[in-house]
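Me: I am new to this structure. Can you walk me through how to read it, feature by feature?

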Amino acid sequence: SIHPITILDRRYQRTLERLKQPKVLQRGYEKVGVKSGVLHSAENSTQCLTLDTELHQIFLKDCSPGTIFNLHFSRDPTIRDHVTTATEEGKCLDTGRAVMPAGQPLQFFGCHGGTTQELSYDSTAKLIYHSEDNRCLDRTDVTLGAPVRLLPCDLTKGSQRWDLVPASEHQNPGSL
């Protein structure tokens with residue numbers, strides 16, 4: 001039988017290979033596919049990503065009620081994957097600049113189709129990653145209200161794992 005670590009290592013290697021594949025610049029944001037829902041921490045289901053509309057940043061918050069995120073994806077290499085919300089129309093999750101120091105908080109900015117907004121969700125590995133530089137959304141500071149950051153992808157870190165729970169199935173775990 002195959003050891004579970006070996007299976008995780010193979011998935012991690014496939015994810016890294018996908019991250020290294022070049023993308024072609026996008027002409028616009030055509031919707032090829034969208035998965036929507038609340039992004040729960042896979043490590044602590046009572047904590048969710050939440051958008052602060054005044055600061056235009058995402059934070060770790062209690063999951064009541066939870067921001068609905070839209071994960072746009074495409075198999076077409078001319079269309080970049082990106083992340084939006086139901087409440088901030090025309091804005092995408094953005095790294096802020098092409099070469100962003102590790103650990104900087106992410107922000108929401110007007111959608112423009114550039115590489116700073118190319119974020120993808122791997123539902124098997126449960127990672128939200130920036131394919132240009134192999135960094136993943138990380139909640140290293142588990143304090144509620146702490147900003148979420150991009151850090152080097154590491155499948156062994158539970159702080160980088162996210163469950164996308166459809167809005168129709170989302171319940172505040174604290175109220176169960």
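Reply: We will go from the overall fold to the core, and then to charged pairs. Keep in mind that this is a predicted model.

Me: Where do I start? How many helices and strands does the protein chain have?

Reply: Start with the secondary structure. Here the protein chain has 1 helix and 12 strands.

Me: What share of the residues in the protein chain is buried?

Reply: Of its 176 residues, 44% are buried.

Me: How do I read contacts along the sequence?

Reply: Look at how far apart the partners sit in the chain. Take the contacts between residues at least 6 apart in sequence: 58% of them join residues at least 24 apart.

Me: Which residues have the most contacts inside the largest nonpolar core?

Reply: They are Leu 49, Ile 58, Leu 137 and Trp 162, in a core of 18 residues. The elements that each give two or more residues to this core are β2 (47–52), β3 (57–62), β4 (68–72) and β8 (119–122). There is also a second, separate core of 6 residues, with Ala 125, Leu 127, Cys 153 and Leu 155 among them.

Me: What is Trp 162 in contact with, beyond its neighbours within four places in sequence?

Reply: Its partners include Leu 39, Leu 49, Leu 60, Ile 128, Leu 137 and Val 148. Lys 126 and Arg 139 are also on the list. Both return below.

Me: How do I read charged pairs?

Reply: Start with the general idea. Side chains of opposite charge can pair when their charged atoms come close. In this model the count is 3 salt bridges.

Me: Which residue pairs with Arg 139 in a salt bridge?

Reply: Glu 43 does, at 2.6 Å from N to O.

Me: Is Arg 139 buried or exposed?

Reply: Buried, because its relative accessibility is 3% and the cut-off for buried is under 20%.

Me: Where do the partners Lys 126 and Asp 163 lie?

Reply: Lys 126 is in the loop between β8 and β9 (127–130), and Asp 163 is in strand β12 (residues 162–165). They are 37 residues apart. Their salt bridge spans 2.7 Å, N to O. Lys 126 is partly exposed at 30%, and Asp 163 is partly exposed at 22%.

Me: And the remaining pair: what does Asp 138 meet in a salt bridge?

Reply: Lys 157, at 3.0 Å from N to O. Asp 138 lies in strand β10 and Lys 157 in the loop between β11 and β12, so the pair ties together parts 19 residues apart in sequence. Asp 138 is buried, at 1% relative accessibility. Lys 157 is partly exposed, at 26%.

Me: Last one. Where does His 112 lie?

Reply: In the loop between β7 (107–110) and β8. Its relative accessible area is 44%, so His 112 is partly exposed. Its side chain makes a polar contact of 3.3 Å with the side chain of Asp 94. Compare sequence and space too: His 112 and Gly 90 are 22 residues apart in sequence, and their C-alpha atoms are 9.1 Å apart.

Note on methods:
Residues are numbered from 1 along each chain as its sequence is written. This is a predicted model: local features need pLDDT of at least 70, side-chain atom pairs count only at pLDDT 80 or more; totals for chains, interfaces and linings use all residues. Side-chain values use heavy atoms; hydrogens and water are left out. Helices (H or I, at least four residues) and strands (E, at least two) are DSSP runs, numbered from the N terminus. Buried means under 20% relative accessible area, exposed over 50%, partly exposed in between (1.4 Å probe, protein chains only). Contact means heavy atoms within 4.5 Å. A nonpolar core is a set of buried Ala, Val, Leu, Ile, Met, Phe, Trp, Tyr and Cys residues joined through side-chain atoms within 4.5 Å. A polar contact is a pair of N or O atoms within 3.5 Å; within protein, one must be able to donate a hydrogen and the other to accept it, and residues adjacent in sequence count only if both atoms are side-chain atoms. A salt bridge is a side-chain nitrogen of Lys or Arg within 4 Å of a carboxyl oxygen of Asp or Glu.
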